[in-house]
Amino acid sequence: MSVLGIETTAHTASIGVVDDSARVLALASDVYRPAAGGIHPREAANHHAEAFPMLLDRLYTEGKLVPEEIEGVAFSQGPGLGPCLRTGATVARVLSLAWNRPLLPVNHCIAHIEIARVLSRMDDPILLYASGGNTQVVAYSHGRYRVLGETLDIGVGNFLDKLAITLGGTFPGGPLIEKWGESGKELFELPYSVHGMDLSFSGLLTAAIAAHRAGVSREDLSYSVEVTAFSMLCEVLERGLAHLGKREVVLGGGVAANKMLRSMVEKMAAPRGVKVFAPPPQLCVDNGAMIAWTGLLSLRHNLQAEVEESPVLPRQRTDHVDVPWRHGGKTSEPGALD
Ligand code: AMP
Ligand code: MG
C-alpha cells in the first residue's frame, strides 16, 4: 500500500509518497521565500498553486509517482494559514477525484509525531515540536495526543526569524542565528519566560531587539537567545517527561535542526535514561512524506472523508483529533482528560 501526502500549512509546498513500511518512495518540496519580512499568507498560497503542477510533473517524469499504485490521497487539514491550507486541500481533492482514491485529512502536528515515531521505532515518545508557527510539547494520553505545554504567543521559529531579519538577515532566520551564535562569546541576560507548562517568546524578542540597538553584537545576541529560548523548551520538556514518566523524546519542526537545541535536549535526557531521536532534516521540516504516512495510518482505520466534507481547519487542535491506531482500533476511548 502507498499513500500520497500534500503539505501546505505555511511556507512549504510538498508532495510525498510513502509505503506501508514507511519507506519514502518520493518527496519533492518547494519553499516560499518572501523577498522581505515574514510570510504573507496569500502570496504563499499563490506560490503553492504554481509549485504543485511543477512538483507533480517532476515526480511523474522521474517515475517516482505512479498513480495506479497510490491507494489514498492525504492532505494537511490544519493547523495552518487558511489560504495555504485551501490550496493544498484543493490539489488533494482533485487528485482523489481524478484517481478515484480515498481522501484523507491529516493533522499536521500529529504527522510530525507519527513520522518520528515510525522512523525511531519508539513506542510512546514525548514530542518537542519546535517549528516556525508552532511550539508545543505533545504526548499521547487517554486516547489522544495531548498538548502538555505550548507557546502563548509566537512560535520559537518565528521568534528566530523576526530577530534575524532585524539583525540584517533574511527568512529563514533560524539557520542564521545558529551560524552567528557559533562565534558568540558572552551570555547576555534576557527574559526567561516559562509559565507553568507554557512559554512566551514575544518579550524575549522585544528585549533582544533592544539589546541589539544598545550595541550587543549579533554574535553574542544570537548565542544568548539560543541559550535562553532552548533552556525554556528543555524545562517544559523535562517537566513533561517527569510528570508522565515517559522514557523517549522525539524532536520535530524546523528548529529541531539546530545543533545547540539537540545537544541541550540530549544533556537533559541522558541522566534520566531517556532516549532522544530527531528525524533527518528533510523529514524534520514540513514535508509531504509525514502527511502521507499519517494518511496511511488513517486509511487503515477508515478515516477517509467525502470531498464535500473535507474542510480545512486552520485552528485545528492536536487534542481534538482521534488517533485510533494508538488505542487498539477504537475511534474513541474517553479517558480522565476528556
Ligand atoms: P517548519 O515551520 O517546521 O518548516 O520550520 C521552519 C522554521 O525552522 C523557521 O522558523 C526556521 O528559521 C527554523 N529553522 C530552520 N533551521 C534552523 C536551525 N538550524 N536553527 C534554528 N531554527 C531553524
Ligand atoms: Mg511543521
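Helix α7, residues 218-244, has 27 residues and reaches 39 Å from its first C-alpha to its last, close to the 39 Å expected at 1.5 Å a residue. The expected span here is 1.5 Å times one less than the number of residues in the helix. Helices (H or I, at least four residues) and strands (E, at least two) are DSSP runs, numbered from the N terminus. After α7 comes Gly245, with a positive phi near 65 degrees.

Before I continue, a note on the basis of these values. This is a predicted model, in which local features need pLDDT of at least 70 and side-chain atom pairs count only at pLDDT 80 or more, while totals for chains, interfaces and linings use all residues. Residues are numbered from 1 along each chain as its sequence is written, chains are lettered from A and ligands numbered from 1 in the order in which they are written, and side-chain values use heavy atoms, with hydrogens and water left out.

What does α7 lie across? The helix lies across β6 (126-130), β7 (135-141), β8 and β11, and runs at about 160 degrees to β6. Contact means heavy atoms within 4.5 Å. Axes are lines fitted to C-alpha atoms, for helices over the stretch in contact, and angles run from 0 to 180 degrees between N-to-C directions.

These strands belong to an open sheet of 5 strands with mixed pairing, in the order β8-β7-β6-β11-β12. Its edge strands, β8 (144-150) and β12 (275-277), each pair on one side only. On average, neighbouring strands of this sheet are turned by 25 degrees against each other, direction ignored. Two strands pair if DSSP finds at least two bridges between them; β11, residues 248-252, pairs with β12 in the parallel sense over 3 bridges. Within that pairing, Val250 has Phe277 of β12 as its bridge partner.

I turn to the other sheet. It is also open, with 5 strands in the order β3-β2-β1-β4-β5 and mixed pairing. β3 (24-31) and β5 (103-107) each have a single partner strand, so one side of each is left without a neighbour in the sheet. Neighbouring strands here are turned by 20 degrees against each other on average, direction ignored. Strand β2, residues 12-19, runs antiparallel to β3 and is joined to it by 7 bridges, and Gly16 has Leu27 in β3 as its bridge partner. In the loop between β2 and β3 we find Ala22, whose phi is positive, near 65 degrees, in a residue other than glycine.

Two helices accompany this sheet. Helix α1 (residues 41-61) lies across β1 (2-7), β2 and β3, at about 35 degrees to β2. Helix α2 (residues 82-99) lies across β1, β4 (70-78) and β5, at about 160 degrees to β4. The loop between β4 and α2 contains Pro79, which is joined to Gly78 by a cis peptide bond with omega of about -5 degrees.

Finally, the ligand. Which residues come nearest to ligand 1? Of the 17 residues around it, these are Gly132, Asp161, Gly174, Glu178 and Gly254, where near means that a heavy atom lies within 4 Å. Both α4 (156-166) and α5 (174-181) supply at least two residues of the shell. A polar backbone atom of Gly174 is 2.9 Å from an oxygen atom of ligand 1. The protein covers 92% of the 500 Å² of accessible area that ligand 1 has on its own, by the Shrake-Rupley method with a 1.4 Å probe.

Terms used:
Polar contact = N/O pair within 3.5 Å; in protein donor to acceptor, adjacent residues only side chain to side chain.
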